[in-house]
Amino acid sequence: MHIYEERLSVPRSWWGLVAMGGFGLGVGVMPFGLLAAVIAAAIGIAVSAALVHLHGSVRILVTPGHLVVGKRTIPIEALGVTEILDEREAFEWRTVRANPYALLLLRSYVPTALRIELRNAWGGAPYVYVSTRQPMNLATVLAFTRG
């Protein structure tokens with residue numbers, strides 16, 4: 001059972017870039033014939049669409065006992081203080097204030113984030129940085145699940 005679920009999908013404009021990249025590849029292969037250009041464009045669009053979809057398919061889940069961030073599963077008991085980050089603070093924690101040992105779910109196209117301290121440096125990480133479009137909702141759900 002999921003208490004909270006969010007998918008960090010890529011912006012719609014990225015799909016336009018996928019189409020333009022495939023078109024550009026087709027134009028580049030045009031000297032080899034129209035058929036080669038169409039095939040190259042189709043392959044370029046398919047490969048880049050798969051990569052964009054893979055990048056945008058990351059999920060944040062809260063279940064009764066765990067926080068699942070991407071491929072990481074963290075027990076709720078390991079979570080400490082939660083800090084909601086606005087755009088400016090999130091940028092600082094992604095760059096100059098970032099700890100190389102922290103667990104990071106970074107998506108530059110998501111301006112807000114949540115920083116959650118980990119008790120006893122769970123897994124060697126001092127905190128979890130989670131890019132989220134709904135930091136207040138996620139923080140509330142985490143507070144609720146902790147009791």
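This is a predicted model: local features need pLDDT of at least 70, side-chain atom pairs count only at pLDDT 80 or more; totals for chains, interfaces and linings use all residues.
**A chat about the fold**

Visitor: How much of it counts as buried?
Guide: Of the 147 residues, 38% count as buried, and the protein exposes about 8,600 Å², of which carbon and sulfur atoms supply 65%.

Visitor: Let's go to strand S1, which pairs with S2: in what sense, parallel or antiparallel?
Guide: S1, residues 4–7, and S2, residues 59–62, pair in the antiparallel sense over four bridges, and among the partners is valine 62 in S2, which is bridged to tyrosine 4.

Visitor: Which residues of S1 are on its covered face, and which on the uncovered one?
Guide: Tyr4 and Glu6 make up the covered face of S1, while Glu5 and Arg7 make up the uncovered one. Side chains in a regular strand alternate between the two faces of the sheet.

Visitor: Switching to S3 and S4, how many residues lie between them in the hairpin?
Guide: Two residues lie between S3 and S4, and glycine 70 in that turn has a positive phi of about 65°. The two strands, residues 66–69 and residues 72–75, run antiparallel and are joined by four bridges, with histidine 66 having proline 75 of S4 as its bridge partner.

Visitor: Now tryptophan 93, where does it lie, and is it buried or exposed?
Guide: Tryptophan 93 lies in helix H3, residues 87–94, and it counts as buried because its relative accessibility is 10%, under the 20% cut-off for that class.

Visitor: What does tryptophan 93 touch, leaving out residues up to four places away in sequence?
Guide: With those left out, tryptophan 93 touches Glu83, Leu85, Ala98, Arg115, Tyr127 and Tyr129.

Visitor: And how far is its C-alpha atom from that of tyrosine 4?
Guide: The two C-alpha atoms are separated by 24 Å, with tryptophan 93 and tyrosine 4 being 89 residues apart along the chain.

How values were computed: Residues are numbered from 1 along each chain as its sequence is written. Side-chain values use heavy atoms; hydrogens and water are left out. Buried means under 20% relative accessible area, exposed over 50%, partly exposed in between (1.4 Å probe, protein chains only). Accessible areas come from the Shrake-Rupley method with a 1.4 Å probe; for residues, only the protein chains shown count as cover. Two strands pair if DSSP finds at least two bridges between them. Contact means heavy atoms within 4.5 Å.
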